[in-house]
Amino acid sequence: MPSFEDQVVEENDFLNGIKVQNFIKKTQNKPVNITGVCKNCGDPIDDKRLAANPKADLCIDCATELENKRAHSAIFGPKR
Ligand SMILES: [Zn+2]
């Protein structure tokens, strides 16, 4: 009979396995930015940003700029 500690460790391994599987499922069908470089300006993307969003392909500056443009066109409509 395994000890309580052994069972807890096994359970944690099991849960970690599920987390990894979910992560793979989530990222599998989406392009993941493996280069870690902003596609707009070519600057390296912050590690923390990539960890939070592995498919981020813009650095925080460009992403912020894009968000501002989106917010702008949502209010004023797309430029013609
Ligand atoms: Zn950039």
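Q: Which is lysine 55, buried or exposed?
A: This is a predicted model: local features need pLDDT of at least 70, side-chain atom pairs count only at pLDDT 80 or more, and totals for chains, interfaces and linings use all residues. A residue is buried if 20 or more other C-beta atoms lie within 10 Å of its own, exposed if 12 or fewer, and partly exposed in between, with C-beta atoms placed from the backbone. Lysine 55 has 12 other C-beta atoms within 10 Å, so it is exposed.

Q: Where is lysine 55 found?
A: Residues are numbered from 1 along each chain as its sequence is written. Helices (H or I, at least four residues) and strands (E, at least two) are DSSP runs, numbered from the N terminus. In those terms, lysine 55 is found in the loop between α2 and α3.

Q: How many Å apart in space are lysine 55 and glycine 36, C-alpha to C-alpha?
A: In sequence, lysine 55 and glycine 36 are 19 residues apart. In space, their C-alpha atoms are apart by 9.1 Å.

Q: Which is alanine 56, buried, partly exposed or exposed?
A: Alanine 56 lies in the loop between α2 (47-52) and α3 (60-76). The count of its C-beta neighbours inside 10 Å is 19. That falls in the middle class, so alanine 56 is partly exposed.

Q: Arginine 49 is in contact with which residues, leaving aside its neighbours within four places in sequence?
A: Arginine 49 sits in helix α2. It has 17 other C-beta atoms within 10 Å and is partly exposed. Two residues are in contact if their C-beta atoms, placed from the backbone, lie within 7 Å. With neighbours within four places in sequence left aside, the contacts of arginine 49 are Ala56 and Ile60.

Q: What separates the C-alpha atoms of aspartate 47 and glycine 36?
A: Aspartate 47 lies in helix α2. It counts as exposed because it has 9 C-beta neighbours inside 10 Å. Aspartate 47 and glycine 36 are 11 residues apart along the chain, and their C-alpha atoms are separated by 7.9 Å.

Q: How many Å does α3 reach from its first C-alpha to its last?
A: The expected span of a helix is 1.5 Å times one less than its number of residues. α3 has 17 residues, and the expected value at 1.5 Å a residue is 24 Å. The reach in the model is close to that, at 24 Å.

Q: What is the count of buried residues among the 17 residues of α3?
A: α3 is hardly covered. Among its 17 residues, the count of buried ones is zero.

Q: Which residue just after α3 takes a positive phi?
A: The phi is about 85 degrees. The residue that takes it, just after α3, is glycine 77.

Q: What pattern does the protein chain follow along the sequence?
A: The protein chain has three helices and zero strands. Buried residues make up 5% of its 80 residues. Read along the sequence, the pattern is α-α-α.
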